[in-house]
Structures are given as C-alpha cells and as structure tokens.
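Try each task before you read the solution under it.

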Amino acid sequence: MAQMPALIPKEVEIQRLKKIWLMIIALGSIAASVEVDNFVDGSLHQTSIRDSAFTPAHWWLYSHFVALPIGWGMAAVYDRKVPILRGPNNSMNTGLKMTILGYLATMFTIGVNEMWHFWFVEEIFAVPNHWMFNMGVVVAFIGALAYVVRIYARLVELGAETPGENPYIAEMYKMALEGKLYSRSIP
Amino acid sequence: MTLPKGFGSGGGGGAGSADVERMIGRRVENMGVMITLAYIAAWLATFGGTAAGYFYYPWAYPTPSGHFAFIVLTIIESIGYLFCMKVTQEGSQKKTNGLIAAPMATIAVLTVLITMFVGN
C-alpha cells in the first residue's frame with residue numbers, strides 16, 4: 001500500500017492526530033482509574049458495607065462510566081477533522097464506534113445494576129447484571145486498541161512518530177504499512 | 001489540494017502557510033502550561049475525592065483504602081501527564097523537561113506527606 005493520499009495538509013493532520021492522542025491519554029487514564037476502583041469497590045462490598053448507589057466506591061465507578069462515553073463521544077466529534085480516520089462509507093471509525101458502544105453499555109448498566117440490587121442486595125461478581133459492565137468494557141477496550149493502533153500507524157506513515165529502533169520491529173512496521181505483513185509471516 | 005470552505009485563495013490555489021496555521025489553531029507544542037494546570041487540577045480533585053473518604057465517610061471508605069487509591073491514581077495521572085507532555089513536545093525545539101519535572105516532583109512529595117499525615 002502506497003502512502004495514503006492526504007486530504008488535508010500534512011502539518012495540520014499531524015497536529016490534529018496529536019490532539020486526538022492527548023484525548024486518548026486522558027480517557028485511558030480514566031479507564032485505568034476504573035480498574036483501580038474495580039478492586040476498591042469489590043473489597044469494600046466484602047468488608048464494610050452492603051451495596052448502595054450512595055456507596056463512595058460506587059460513585060467513583062459510576063461517574064467514570066458516564067465520563068467515558070461522553071469523552072469518547074467528544075473524541076468522535078473531533079475525529080471528523082481527520083479524513084484518514086473515517087470508517088466504512090464515510091461513517092465513524094469502526095474502533096471508535098466499538099469504544100463508544102461499549103462504554104454506553106456500561107453507562108446503561110448503572111441503571112440496570114441499581115434496579116437489580118433493589119431486589120437482590122448481595123454483591124456476587126457473576127450475577128447477570130454485572131455481565132454488561134464487563135462485556136462493555138472489553139468491547140470498548142478492543143475498539144480503543146484498534147483506534148490507537150490506527151492513529152499510531154498514521155503518525156508513523158507521516159513521519160511524526162518513529163517506529164521501534166529494533167530493526168526487526170521497524171521491518172514489521174514497514175511491511176504492515178505496505179500491506180505485506182500477513183502474506184510474509186503466514187505461509 | 002482541496003481545502004475546506006473559507007480557506008485558500010478561492011480559485012484552486014494551494015494552501016499557504018497562513019491557511020495551514022489557521023487550520024491548526026493552537027499548536028500542541030504550546031499547550032504545555034494548559035496540560036500542566038490540568039494535571040494539577042486532576043490531582044487536587046483526586047485528593048478531594050479520597051478526602052471525602054477520610055473525613056466524611058470513614059465508615060464506608062476506610063482511610064487506608066483512600067490512601068491506596070490516592071497513591072495509585074497519582075501514579076496514573078503522572079504517567080498520563082508525562083505522556084501528554086512528551087507527545088506534544090516531541091519534534092519541537094522547546095525545552096520543557098524542567099516544566100515537567102517540577103510539578104511531578106512536587107506532587108510526588110506532597111502525595112507521600114498526605115498519605116503519612118492526613119486522614120483518620
């Protein structure tokens with residue numbers, strides 16, 4: 001694959017990709033914070049208090065599950081300024097789509113979870129109302145990874161990022177950009 | 001190159017440097033102070049959140065748990081700050097290592113002091 005044609009000046013595209021990069025770092029930090037609260041929330045349920053929407057550890061979890069879809073939605077709004085990141089049929093980038101859908105699922109699960117715990121207060125990790133939290137986060141992470149890799153590959157393509165110094169890794173990036181990675185490595 | 005409406009000379013001319021600057025807006029290289037302020041604000045908000053546990057909800061959110069969360073979140077925020085600054089400054093002539101080191105070191109020291117002396 002030759003270098004993709006630029007629809008906006010290269011300097012503009014690099015600056016915009018880096019602004020998206022900053023948003024992703026901030027949103028990734030929020031996701032990491034959710035992972036911390038995964039442990040805090042779980043340990044507090046088992047040691048000090050029964051489940052309640054007003055448990056401090058729940059506020060921590062829930063506020064992030066609202067901030068994440070909104071934050072990724074804002075990234076999607078800005079993403080429209082970079083033509084190369086468009087998805088199929090000029091739609092939203094597929095990775096972004098998956099990320100937003102995944103985090104939206106977790107946001108709606110806040111309500112589902114509260115409704116379930118109205119009747120069943122025991123916090124057992126495997127109960128069905130918790131499934132959508134876990135599945136939503138997994139879908140969101142897969143989508144975010146695809147999106148991050150796409151942006152990184154484009155920054156490498158534009159010469160704004162340098163691939164790894166290890167010559168084998170550099171060769172892999174080169175082949176990936178040329179669309180030859182799989183045909184060479186899979187016999 | 002086709003430019004968006006309002007850019008370029010209007011008659012099929014290419015992008016001038018003024019057009020490129022207008023399309024970019026504030027350059028990421030010049031966002032260092034804003035990112036630093038956001039980092040400090042995020043750290044203060046983290047302290048506020050965990051302090052609610054130390055002082056207002058000690059029955060539901062024990063102080064050692066809050067201290068643990070405060071330390072881990074400070075580390076996450078610091079790594080994010082470092083990434084943001086390095087992404088924005090790479091390839092530019094700016095020398096911002098001092099700007100990065102000062103708030104990170106200050107926050108590291110304050111975090112240790114807070115976990116040692118603040119809380120019930």
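A residue counts as buried if 20 or more other C-beta atoms lie within 10 Å of its own. Keep in mind that this is a predicted model.

**Exercise 1. Find which parts of chain A UniProt lists as "transmembrane region", then check the secondary structure of residues 20–39 and 59–79.**

Step 1: The unreviewed UniProt entry gives residues 20–39, 59–79, 100–119 and 131–149 of chain A.

Step 2: check residues 20–39. That span is 100% helix and 0% strand, with its end C-alpha atoms 29 Å apart.

Step 3: do likewise for residues 59–79. Here you get 100% helix and 0% strand, and 30 Å between the end C-alpha atoms.

**Exercise 2. Work out which helices chain B uses to touch chain A, and what kinds of residue sit on that side.**

Step 1: get an overview of chain B. It has four helices and zero strands, and 26% of its 120 residues are buried.

Step 2: count the contact partners. On chain B, 25 residues are in contact with 22 residues of chain A.

Step 3: assign them to helices. At least two residues each come from α1 (17–24), α2 (32–56) and α3 (63–89) of chain B. The most come from α3(B), which gives eleven residues.

Step 4: sort by class. The side of chain B that touches chain A holds 18 nonpolar, five polar and two charged residues.

**Exercise 3. Decide whether B:Glu77 is buried or exposed, and list what it touches.**

Step 1: locate the residue. B:Glu77 sits in helix α3 of chain B.

Step 2: count neighbours. B:Glu77 has 23 C-beta neighbours inside 10 Å, so it counts as buried.

Step 3: list the contacts. Leaving out residues up to four places away in sequence, B:Glu77 touches A:Ser29, B:Tyr39, B:Ala42, B:Trp43 and B:Thr46.

Step 4: B:Ile40 is 37 residues from B:Glu77 along the chain, and their C-alpha atoms are separated by 9.3 Å.

Technical notes. Residues are numbered from 1 along each chain as its sequence is written. Chains are lettered from A and ligands numbered from 1 in the order in which they are written. This is a predicted model: local features need pLDDT of at least 70, side-chain atom pairs count only at pLDDT 80 or more; totals for chains, interfaces and linings use all residues. Two residues are in contact if their C-beta atoms, placed from the backbone, lie within 7 Å. Ala, Val, Leu, Ile, Met, Phe, Trp, Tyr, Cys and Pro count as nonpolar, Asp, Glu, Lys and Arg as charged, and the others, Gly among them, as polar. A residue is buried if 20 or more other C-beta atoms lie within 10 Å of its own, exposed if 12 or fewer, and partly exposed in between; C-beta atoms are placed from the backbone. UniProt positions are given in the numbering used here, feature names are shortened, and annotations may be inferred rather than shown by experiment.
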